Amino acid sequence: MADSLLKRYTYDVMANDFMAAGKSSSAIKSNLKSLGIDSDILRRIAIISYEAELNIVIHSFGGKLHCDIYENKIVIISEDAGPGIEDVDLAMKEGYSTASDSVRELGFGAGMGLPNIKKYSDHLEINSSSTGTKIVATINL
Amino acid sequence: MNFSIMLDEGKCRGCTNCMKRCPTQAIRLINGKAFINTAKCIHCGECIRICPYNAYTPESIEWYNQMHDSPKKFKIAIPTTSLYGQFPRGTDICKVQNAILKVGFDYVYDASWAADLVARAIKLKIEKEKTIRPYISTYCPAAVRLIKYRYPSLMDNLILIREPMEIAGILARERVRKNYNLKDDDIKVFYISPCPAKLLAVTNPIGDYTPSVDWVIPLNKIYGNLYREVIKEDNNICSYPSLKGVRWSVAGGQSEHAELKNYLAVHGMENIIQIMEEIENGKLSNIDFVEASACVNGCVGGTFNVVNPFIATSNIYYISNSLKDECINPDIDRFDEMHATGFFNYKLKEEERPGKLNLKEAVERQEKIKEILDMLPGLDCGSCGAPTCLAHAEDVYNKESEFYDCVVLRAKK
């Protein structure tokens, strides 16, 4: 069955932990590398999962990053515990950022997170409310 | 011979240092002795550097034979730019090329002269082509092979401009053919190398061209003879390297020479790995050019050098900052003409594409390896002969080693 889930990798992502930021997406990347995923696909997933992870670190109260493997697609899912994206359309604009100055001083929060996720995925769903944001990015194989 | 790292089994004690240091996990201990998987080895030389028992001999006798068994051949030498950092401060470095002739070569073409040309070609390509960022230098063969092996998605970022050794080889051959009326078969080109990786660039290039260099001589094997010639008083023929070109031996030198403003120079294997991860994550696309050198400080850190990399760096800076530029580059006037014909560009060699991936099987394989890994102690001690518990689990799965090679589990059994 092409559409049955073969494997799910799940990682906890802590809010505001910039030391650990990038570790979950790195782990996803090395798992996919050991599976033998094509390098072009891998690079897109690397960017998507890194940006999604950073979004949880910078903007949320913490959450989870999943990477689901299907025979015909890979899905990156990020789920956080809020506070939600106020204006999703605005957040999709390149350069628009709500990151604080202290975050920007660390070199993050350039307003390219969601636009990059959209650019590199074949399909993107965003559901956001004050209790949490769920992002589902699909990459077809 | 296409492998430059040899192990003296009598000296190897199976201490695991090299195995743990290897960035591609190419080393295993078999019957208590280190064994390098040549298919995985990127010739970075980390094993040579780390070995406490000097068990690795970074050469074969063959370069010597190549040089002395071909008396009828016309022998061209291309010295690495790092050679100029290996002499005491105050040495007349204009005597170095003459010293190379004295030790048995017929012609010298300095790699720094070729670097003058290559730097321009890099500058032009970066100015003209803006779609790929960052471009990654292909100067360090070990860094390039690390990318090929661990970061294949970044192969598209390689700048694919021939490096100075290659250009020097072509131009030197051309000159010798013309000036001495010789055929290509009568000529042998030797590169005096700071590291084992350059041999790999000659025997197994990443590009789809036939390398212009025939053989690589470890710098340290020829240094003594050169030094004795360089310090002789009667030596009065002077020829200078390019003072900007010699900076290629130090990290950052390529970019400075190419007059780039927005570059990143990273050196040392572990540092390169961190930067490549960043590039793979889509970061650093605001940088034009990344220079990655496997060795600390750049080529001056190569394992065949004689002088400490920091002292050599200081020597190179001293040379390029304080000497009067008296270099006469034989080919610089031909740059535009060469560049117009695409002389500096090359394509990657076609590699066999892996067959269609069966993800279901790949996931099952990964899970079985995980099952084995969960039973191992997780100490990454290396006593089983693999660098990490994960590597051991993979080897067990691939039936390349036994589960109970793990000494911790064997002790508990």
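Pro134(B) sits in the loop between helix H5 (111–128) and strand S7 (135–136) of chain B. In this predicted model, the peptide bond joining Arg133(B) to Pro134(B) is cis, with omega about -10°. Most peptide bonds are trans. Chain A has a cis bond too, from Gly82(A) to Pro83(A), where omega is near 15°. Pro83(A) belongs to the loop between strand S3 (73–80) and helix H3 (88–91) of chain A.

Next, look at phi. Most residues other than glycine have a negative value. Asn31(B) has a positive one, near 50°. Find Asn31(B) in the loop between strand S2 (27–30) and strand S3 (33–36) of chain B. Asn31(B) is exposed, at 77% relative accessible area. Asp380(B) also has a positive phi, about 50°. Its loop runs between helix H14 (359–375) and helix H15 (389–397) of chain B. Asp380(B) is partly exposed, with a relative accessible area of 35%.

Now turn to the interface. Here 24 residues of chain A contact 22 residues of chain B. The two chains bury about 1900 Å² between them, and carbon and sulfur atoms give 50% of that area. Leu35(A), Arg43(A) and Tyr50(A) supply 31% of what chain A buries against chain B, more than any other three residues.

Five salt bridges cross the interface of chain A and chain B. Lys283(B) and Glu51(A) meet in a salt bridge through their side chains, at 3.7 Å from N to O. Between the chains, 11 residue pairs are in polar contact. On the side of chain A that touches chain B, H2(A) gives the largest share, eight residues. By class, that side has 11 nonpolar, five polar and eight charged residues.

Key: Residues are numbered from 1 along each chain as its sequence is written. Chains are lettered from A and ligands numbered from 1 in the order in which they are written. This is a predicted model: local features need pLDDT of at least 70, side-chain atom pairs count only at pLDDT 80 or more; totals for chains, interfaces and linings use all residues. Side-chain values use heavy atoms; hydrogens and water are left out. Contact means heavy atoms within 4.5 Å. Buried area is the accessible area (1.4 Å probe) that two parts lose on being put together, summed over both. A salt bridge is a side-chain nitrogen of Lys or Arg within 4 Å of a carboxyl oxygen of Asp or Glu. A polar contact is a pair of N or O atoms within 3.5 Å; within protein, one must be able to donate a hydrogen and the other to accept it, and residues adjacent in sequence count only if both atoms are side-chain atoms. Helices (H or I, at least four residues) and strands (E, at least two) are DSSP runs, numbered from the N terminus. Ala, Val, Leu, Ile, Met, Phe, Trp, Tyr, Cys and Pro count as nonpolar, Asp, Glu, Lys and Arg as charged, and the others, Gly among them, as polar. Buried means under 20% relative accessible area, exposed over 50%, partly exposed in between (1.4 Å probe, protein chains only).
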